[in-house]
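Welcome! Please take a look at the structure below, and then we will walk through it together, topic by topic.

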Amino acid sequence: TSPSIHVWDAMTKQTLSVLRCFHAGGVCSVSFSATGRLLLSVGLDPEHTVTIWKWQEGAKVASRVGHTQRIFVAEFRPDSDTHFVSVGIKHVRFWTLAGRALLSKKGVLSSIEDARMQTMLSVAFGANNLTFTGTISGDVCVWKEHILVRIVAKAHTGPVFTMYTTLRDGLIVTGGKERPSKEGGALKLWDQELKRCRAFRLETGQIIDCVRSVCRGKGKILVGTRNAEIIEVGEKNAACNILVNGHMDGPIWGLGTHPSRDVFLSAAEDGTVRLWDIPEKKMLNKVNLGHPAHTISYSPEGDMVAIGMKNGEFIILLVASLKIWGKKRDRRSPIQDIRFSPNSRYLAVGSTECAVDFYDLMLGPQLNRINCCRDIPSFVMQMDFSADSSYIQISTGAYKRLVYEVPFGRQITEQIQIDRITWATWTSVLGDEVVGIWSRNADKVDVTCACVSHSGLNIVTGDDFGMVKLFDFPSPEKFVSIVLYYFYSSNDFLSLHCCMKVAYF
């Protein structure tokens, strides 16, 4: 509703300017002019407004309706402060800044045989006022001023998502969708005539068929991939160095820290589980499970890890190799939480089918269900075992906290008996012990996750407002003062409880 543009100093990481703009719905493209004095932005508003800023002063120079159809990219020519090009759904426009006015010309197809206006995804520039645009069909169009003069057919077999020009030598990098082959893959380097190219295979240990962003300098090419990786590629030897890894599709639902080592595992909607080194801040290993993963938990010894899946299956991996030790599917709906008992004998699996299933790990990897908790009034949110592995507490979507006997699944209702139980962990947002984590005006859905520290002295919570709060534990009094705030950039905590473990490693 209130988009803004932030300009940063790349070396000091300080904010240099914040532009409060009128691009209702968001900002889809920004580009600096050749001198860096001006900034071009394009909005996601219905008119796809194009705006030029003097960003250091925070002043708007000019603004105009961009196009009736979506604009994907708008870029200044790298040698100009007044000329830029925008491309989008079945259009390309050539713009000129004249004082405080923005003038534009449509791309003209001229008389090239079979030429048709395609959806344009990317733009780059050459000498002598040449412009190159990458299309959704894999072609590259060559424009002289605003006239189409040539089409390089099937530069990529799929969409040309990104292009980059270095005017010093005129070479052009393109990235798109293309299956890797012996000749190369989705990354290509062209001469300034777009007549000769060199294709690169991105050797990363997995198939990379889609490049979404490229940048070139000092004999290296930076590549951003569909798989959420940033790869540095040497132009001469084609050597690949992975700089950044990440999950690629959907939210990260599960996060679990190792009980004794500085590593943690993440599980996400993209169907992968990834092992990360905390001090080094890098990925160590990953495994593709084939289905979206929802929750993850280490065994007390840290030698096994259990992952609950969106399709109702759960999988146990050996931590040393990330090889599957066993898997089972007794439910057909998402697994919400999964827990090893402190004595490592039982595994509790809670799902949206209003049930918690128990498995005896001593019986081996066939994972036969030995019992379950019934009569749960809603889906399972969080679970915690008692220190002696004899009981489990369950927080439900109906905001009821229930206690059951393990592994028989009998509900314990006597409050005196419940009060005598010592819990091995505490991730519940419900109960007399955590009344104080709820603010005066909080709704039931506001506080989504919690975790008590290993010492048992503090509890940390995450809420729908994107805040992490630290309290004393237990916190039995209403509206207690908060010890510490951390502010997150997101307003949504997707991991129900596991994200708290990292803070307390």
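Let's begin with one cysteine: C240 is partly exposed, at 24% relative accessibility. Please keep in mind as you read that this is a predicted model. The points below cover cysteines, salt bridges and nonpolar cores.

**Cysteines**

- How many disulfides does a search of the whole structure find? The search finds zero.
- C240 is in no disulfide, and the nearest cysteine sulfur, that of C210, is 16 Å away.
- C354 also has a sulfur that is too far from its closest cysteine sulfur for a bond, because the one in C372 lies 12 Å away, and a disulfide needs the two sulfur atoms within 2.5 Å.
- C354 is partly exposed, with a relative accessible area of 29%.

**Salt bridges**

- Side chains of opposite charge can pair when their charged atoms come close.
- In this model the count comes to 21 salt bridges.
- One of them joins the side chains of R77 and D79, at 3.5 Å from N to O. Are these two partners buried or exposed? R77 is buried, with a relative accessible area of 7%, whereas D79 is exposed, at 51%.
- R274 pairs with D270, and their closest N and O atoms are 3.7 Å apart. Here R274 counts as buried at 1% relative accessibility, and D270 counts as buried at 12%.
- D384 and R339 meet through their side chains in a salt bridge of 3.8 Å, N to O. This pair links distant parts of the chain, with D384 in strand β35 (residues 380-385) and R339 in strand β31 (residues 335-340), 45 residues apart.
- D384 is buried, with a relative accessible area of 0%, and R339 is buried too, at 7%.
- Salt bridges can also share partners: R331, E353, D357 and R369 are joined into one network in this way.

**Nonpolar cores**

- The largest nonpolar core has 19 residues, and those with the most contacts inside it are V403, W426, V429, I437 and I459.
- Which strand gives the largest share of this core? Strand β39 (residues 447-452) does, with three residues.
- Which residues does I437 touch, if we leave aside its neighbours within four places in sequence? I437 is in contact with V429, V447, I459, T461, F471 and S475.
- There is also a second, separate core of 17 residues, with L275, V287, A293 and V305 among them.

Definitions and conventions:
Residues are numbered from 1 along each chain as its sequence is written. This is a predicted model: local features need pLDDT of at least 70, side-chain atom pairs count only at pLDDT 80 or more; totals for chains, interfaces and linings use all residues. Side-chain values use heavy atoms; hydrogens and water are left out. A nonpolar core is a set of buried Ala, Val, Leu, Ile, Met, Phe, Trp, Tyr and Cys residues joined through side-chain atoms within 4.5 Å. Buried means under 20% relative accessible area, exposed over 50%, partly exposed in between (1.4 Å probe, protein chains only). Helices (H or I, at least four residues) and strands (E, at least two) are DSSP runs, numbered from the N terminus. Contact means heavy atoms within 4.5 Å. A salt bridge is a side-chain nitrogen of Lys or Arg within 4 Å of a carboxyl oxygen of Asp or Glu.
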